[in-house]
Amino acid sequence: MSTDLLSTFESSLAGVATAHTTTAAAFAETLTGIVEAPALGTPLPYDGVTLDDTGVETEFSPSDLEAASTGVTAASVGIADYGTVTIPSGSAGEELVSLYTPTHVAVVAASDVVAGMPEAYDRLGEEFEAGRDTQILATGASATADMGTLVQGVHGPHETHVVILEDR
(Lines give C-alpha, C1' and ligand atoms only; values in the text may rest on other atoms or scores of the structure.)
Protein backbone atom coordinates (compact mmCIF):
# COMPACT_ATOMS: atom_id res chain seq x y z
CA MET A 1 0.00 0.00 0.00
CA SER A 2 1.56 3.25 -1.04
CA THR A 3 1.32 6.27 1.20
CA ASP A 4 0.44 8.34 -1.89
CA LEU A 5 -2.66 6.20 -2.49
CA LEU A 6 -3.80 6.55 1.13
CA SER A 7 -3.04 10.26 1.06
CA THR A 8 -5.18 10.62 -2.09
CA PHE A 9 -7.98 8.64 -0.43
CA GLU A 10 -7.88 10.80 2.71
CA SER A 11 -7.82 13.99 0.61
CA SER A 12 -10.80 12.79 -1.44
CA LEU A 13 -12.71 12.02 1.76
CA ALA A 14 -12.25 15.61 2.97
CA GLY A 15 -15.52 17.44 2.69
CA VAL A 16 -17.64 14.29 2.32
CA ALA A 17 -16.51 12.19 5.29
CA THR A 18 -14.13 12.30 8.19
CA ALA A 19 -11.13 9.98 7.80
CA HIS A 20 -9.56 8.21 10.79
CA THR A 21 -6.42 6.16 10.23
CA THR A 22 -5.64 3.64 12.93
CA THR A 23 -4.21 0.21 13.70
CA ALA A 24 -5.93 -2.94 14.91
CA ALA A 25 -4.50 -2.34 18.39
CA ALA A 26 -5.96 1.18 18.56
CA PHE A 27 -9.21 0.39 16.70
CA ALA A 28 -11.52 0.17 19.76
CA GLU A 29 -10.28 3.49 21.13
CA THR A 30 -10.60 5.16 17.70
CA LEU A 31 -14.12 3.84 17.15
CA THR A 32 -15.27 4.70 20.67
CA GLY A 33 -14.31 8.31 19.98
CA ILE A 34 -16.55 8.40 16.89
CA VAL A 35 -19.75 6.54 17.74
CA GLU A 36 -22.75 8.08 19.44
CA ALA A 37 -24.99 5.68 21.39
CA PRO A 38 -27.08 3.79 20.69
CA ALA A 39 -24.81 2.26 18.08
CA LEU A 40 -25.25 -0.86 15.97
CA GLY A 41 -22.81 -2.67 13.75
CA THR A 42 -22.25 -5.70 11.61
CA PRO A 43 -19.36 -8.12 12.13
CA LEU A 44 -16.00 -6.93 10.81
CA PRO A 45 -13.96 -9.34 8.65
CA TYR A 46 -10.52 -8.34 9.96
CA ASP A 47 -8.47 -10.63 12.21
CA GLY A 48 -7.99 -9.05 15.63
CA VAL A 49 -10.52 -6.28 14.99
CA THR A 50 -13.98 -6.56 16.55
CA LEU A 51 -16.77 -4.37 17.82
CA ASP A 52 -16.36 -5.87 21.31
CA ASP A 53 -15.56 -3.23 23.92
CA THR A 54 -16.69 -0.38 21.65
CA GLY A 55 -20.29 0.01 22.82
CA VAL A 56 -21.54 -1.10 19.38
CA GLU A 57 -24.21 -3.80 19.51
CA THR A 58 -24.13 -6.49 16.82
CA GLU A 59 -27.45 -8.13 17.71
CA PHE A 60 -30.37 -5.85 16.93
CA SER A 61 -34.02 -5.71 15.94
CA PRO A 62 -35.69 -3.41 13.40
CA SER A 63 -36.80 -1.13 16.27
CA ASP A 64 -33.20 -1.02 17.56
CA LEU A 65 -32.11 0.03 14.08
CA GLU A 66 -34.76 2.73 13.97
CA ALA A 67 -33.53 4.13 17.32
CA ALA A 68 -29.79 3.87 16.58
CA SER A 69 -27.64 6.98 16.21
CA THR A 70 -24.62 5.28 14.66
CA GLY A 71 -24.13 2.32 12.33
CA VAL A 72 -20.80 0.60 11.78
CA THR A 73 -20.07 -1.61 8.78
CA ALA A 74 -17.06 -2.97 6.93
CA ALA A 75 -16.29 -1.64 3.48
CA SER A 76 -14.99 -3.97 0.79
CA VAL A 77 -13.13 -1.37 -1.24
CA GLY A 78 -12.03 2.24 -0.81
CA ILE A 79 -11.70 4.21 -4.04
CA ALA A 80 -8.96 6.81 -3.61
CA ASP A 81 -9.85 9.14 -6.50
CA TYR A 82 -13.42 9.64 -5.27
CA GLY A 83 -13.33 9.08 -1.51
CA THR A 84 -15.87 6.33 -2.08
CA VAL A 85 -16.32 3.09 -0.17
CA THR A 86 -18.25 0.01 -1.23
CA ILE A 87 -20.53 -1.59 1.35
CA PRO A 88 -21.53 -5.18 0.59
CA SER A 89 -25.07 -6.25 1.33
CA GLY A 90 -25.32 -9.32 3.50
CA SER A 91 -27.46 -11.27 5.90
CA ALA A 92 -26.15 -9.27 8.91
CA GLY A 93 -27.96 -6.16 7.65
CA GLU A 94 -24.94 -4.23 6.36
CA GLU A 95 -27.00 -2.25 3.86
CA LEU A 96 -29.60 -1.26 6.44
CA VAL A 97 -27.02 -0.27 9.07
CA SER A 98 -25.17 1.90 6.54
CA LEU A 99 -28.30 3.68 5.29
CA TYR A 100 -30.74 4.09 8.19
CA THR A 101 -28.61 5.50 10.98
CA PRO A 102 -27.89 9.26 11.11
CA THR A 103 -24.15 8.54 11.34
CA HIS A 104 -22.42 5.81 9.35
CA VAL A 105 -18.91 4.56 10.12
CA ALA A 106 -17.31 2.50 7.36
CA VAL A 107 -14.23 0.46 8.27
CA VAL A 108 -11.85 -0.32 5.40
CA ALA A 109 -8.45 -1.98 5.32
CA ALA A 110 -5.71 0.17 3.83
CA SER A 111 -4.84 -2.80 1.61
CA ASP A 112 -8.38 -2.59 0.15
CA VAL A 113 -7.95 1.00 -1.06
CA VAL A 114 -7.54 1.14 -4.84
CA ALA A 115 -6.63 4.08 -7.07
CA GLY A 116 -9.79 4.53 -9.14
CA MET A 117 -12.91 3.03 -10.68
CA PRO A 118 -11.11 0.62 -13.10
CA GLU A 119 -9.37 -1.02 -10.14
CA ALA A 120 -12.60 -0.95 -8.13
CA TYR A 121 -14.47 -2.66 -10.98
CA ASP A 122 -11.82 -5.39 -11.01
CA ARG A 123 -12.25 -5.92 -7.26
CA LEU A 124 -16.04 -5.77 -7.44
CA GLY A 125 -15.97 -8.29 -10.30
CA GLU A 126 -14.13 -10.68 -8.01
CA GLU A 127 -16.69 -10.09 -5.26
CA PHE A 128 -19.61 -10.59 -7.66
CA GLU A 129 -18.10 -13.88 -8.85
CA ALA A 130 -17.87 -14.93 -5.18
CA GLY A 131 -21.61 -14.28 -4.78
CA ARG A 132 -21.42 -10.90 -3.04
CA ASP A 133 -23.20 -9.22 -5.92
CA THR A 134 -25.03 -6.36 -4.20
CA GLN A 135 -22.97 -3.45 -2.96
CA ILE A 136 -23.57 0.20 -2.17
CA LEU A 137 -21.08 2.76 -3.44
CA ALA A 138 -21.12 5.49 -0.79
CA THR A 139 -19.41 8.84 -1.12
CA GLY A 140 -20.06 10.72 2.09
CA ALA A 141 -23.41 11.51 3.54
CA SER A 142 -26.58 11.16 1.54
CA ALA A 143 -27.39 14.35 -0.32
CA THR A 144 -29.51 15.76 -3.10
CA ALA A 145 -29.55 19.05 -4.91
CA ASP A 146 -32.57 18.19 -7.06
CA MET A 147 -34.57 21.05 -5.55
CA GLY A 148 -31.83 23.64 -6.13
CA THR A 149 -30.30 23.58 -2.66
CA LEU A 150 -27.98 20.90 -1.39
CA VAL A 151 -29.75 18.93 1.35
CA GLN A 152 -27.80 16.29 3.25
CA GLY A 153 -29.23 13.19 4.89
CA VAL A 154 -32.26 12.99 2.63
CA HIS A 155 -32.35 9.22 2.37
CA GLY A 156 -29.28 8.05 4.21
CA PRO A 157 -26.79 9.07 6.85
CA HIS A 158 -26.28 12.73 7.69
CA GLU A 159 -22.66 12.18 8.67
CA THR A 160 -20.05 9.69 7.50
CA HIS A 161 -16.75 8.56 8.98
CA VAL A 162 -14.24 6.21 7.35
CA VAL A 163 -11.86 4.29 9.60
CA ILE A 164 -8.81 3.10 7.66
CA LEU A 165 -7.01 0.13 9.21
CA GLU A 166 -3.42 0.71 8.18
CA ASP A 167 -2.04 -2.67 9.28
CA ARG A 168 -4.45 -4.89 7.35
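A salt bridge is a side-chain nitrogen of Lys or Arg within 4 Å of a carboxyl oxygen of Asp or Glu. This is a predicted model: local features need pLDDT of at least 70, side-chain atom pairs count only at pLDDT 80 or more, and totals for chains, interfaces and linings use all residues. Residues are numbered from 1 along each chain as its sequence is written, and side-chain values use heavy atoms, leaving out hydrogens and water.

**View A. Glutamate 127 and arginine 132 form a salt bridge.** Their closest N and O atoms are 3.3 Å apart. Glutamate 127 is buried, at 9% relative accessibility. Arginine 132 is partly exposed, at 41%. Here, buried means under 20% relative accessible area, exposed means over 50%, and partly exposed lies in between (1.4 Å probe, protein chains only).

**View B. Aspartate 112 meets arginine 123 in a salt bridge.** The N to O distance is 2.8 Å. Aspartate 112 lies in the loop between E7 and E8, and arginine 123 in helix H5 (residues 117-129), so the pair ties together parts 11 residues apart in sequence. Helices (H or I, at least four residues) and strands (E, at least two) are DSSP runs, numbered from the N terminus. Aspartate 112 is buried, with a relative accessible area of 16%. The structure holds 2 salt bridges.

**View C. Six strands make an open sheet with parallel pairing.** Their order is E1-E12-E7-E4-E2-E3. Two strands pair if DSSP finds at least two bridges between them. Strand E1 (18-22) and strand E3 (56-57) are the edge strands, and each pairs on one side only. Strand E2 (residues 39-41) runs parallel to E3, joined by 2 bridges. Leucine 40 has glutamate 57 in E3 as its bridge partner.

**View D. Helix H1 has a buried side and an exposed side.** Leu5, Leu6, Phe9, Ser12 and Leu13 are buried in H1. They cover an arc of only 125 degrees around the axis, which puts them on the same side of H1. That arc is taken from the directions from the helix axis to the C-beta atoms. Thr3, Asp4 and Ser11 are exposed on the other side. Glycine 15 follows H1, with a positive phi near 95 degrees.

**View E. Threonine 73 sits in strand E4 (residues 70-74).** Threonine 73 is buried, with a relative accessible area of 0%. Leaving aside neighbours within four places in sequence, threonine 73 is in contact (heavy atoms within 4.5 Å) with residues including Thr42, Leu44, Ile87 and His104.
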